[in-house]
Amino acid sequence: MKIGMISTLNTNIGDDFIRDGIQYLINKRFDKDKEFVIINKHRPLSAVLPSVDALLGVSGRARNEILIRAGKNIGLNLKSKLDDCDIIIQCGTPIVWHGCSKSEWAGLIWEGILEKVNKKIPVLNIAGGSCFAWTERNNVVMSDEDRCFVRLMSRISRVTTVRDSLAENIFNNISGSAVKTIPCTAFLAASLYKKDIRQESIEKVHVDVLFNYMPGGGHFDLEGLKLASLW
């Protein structure tokens, strides 16, 4: 069983936790041999076969400009590492925010590769989240481009689950799809590496301790200032 996973690699520990939790669930559900093909969403050109990521030799703004202008066509017309997977899973991450349609993976992966293969390969969008300032929590106004991208993700995915009620409301209001909020799979990450936590006795209980590694604790402060600009 070949499982494609769209995630990050050595970039965002939260995304790694989400992917680990999903892998744990897959291992619990399927006994057959499994091969995980992990695509770094921040380097979407690495998904193409043959890989053009290293050949281009560009980075930063030049790479993003290529992805914005030609990502969709690259994904639609070139072979990819996901083409022969049995299932493809988008592993968490904020999937709706202002500018989500312009992310480096939106064109090549979603509009290109996943648009091309979704009719023959099930695509699951699992543990997605929203990323907006606290002051917008009750009144998010997204651009037309971002709204179209939300509808695209909803149409391509056989299943979409989100980890917060705002993401659920956005998907339900924009795409009309039945998206539900369930606990984030990041909470299962530790189980991939050790036995399930069990209470051995009333006096002795194993407890997991969770740490927030993100500077400032989130993307924004309570007044809506984007914290990423401060670090």
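**View 1. V96 and its neighbours in the predicted model.** In this predicted model, V96 makes contact with G129, S130, C131, F132, M142, V150, M153, A167, I170 and F171, leaving out residues up to four places away in sequence.

**View 2. The largest nonpolar core.** Here we're looking at a core of 38 residues. I88, V96, L108, W110, L114, M142 and I170 have the most contacts inside it. At least two residues of this core come from each of β2 (35-40), α3 (60-77), β6, α4, α5 (144-156) and α6 (165-175).

**View 3. S7, a serine tucked away in β1.** S7 sits in strand β1, which covers residues 2-7. With a relative accessible area of 1%, S7 counts as buried because that is under the 20% cut-off. Its side chain makes a polar contact of 2.9 Å with the side chain of R19. Setting aside neighbours within four places in sequence, S7 is in contact with D15, R19, I38, I39, N40, K41 and C91.

**View 4. S101, a serine in a loop.** Look for S101 in the loop between β6 (94-96) and α4 (106-117). S101 has a relative accessible area of 15%, so it also falls under the 20% cut-off and is buried. The side chains of S101 and D146 are joined by a polar contact of 2.6 Å. Not counting residues up to four places away in sequence, S101 touches A106, E145, D146 and F149.

Methods: Residues are numbered from 1 along each chain as its sequence is written. This is a predicted model: local features need pLDDT of at least 70, side-chain atom pairs count only at pLDDT 80 or more; totals for chains, interfaces and linings use all residues. Side-chain values use heavy atoms; hydrogens and water are left out. Helices (H or I, at least four residues) and strands (E, at least two) are DSSP runs, numbered from the N terminus. Buried means under 20% relative accessible area, exposed over 50%, partly exposed in between (1.4 Å probe, protein chains only). A polar contact is a pair of N or O atoms within 3.5 Å; within protein, one must be able to donate a hydrogen and the other to accept it, and residues adjacent in sequence count only if both atoms are side-chain atoms. Contact means heavy atoms within 4.5 Å. A nonpolar core is a set of buried Ala, Val, Leu, Ile, Met, Phe, Trp, Tyr and Cys residues joined through side-chain atoms within 4.5 Å.
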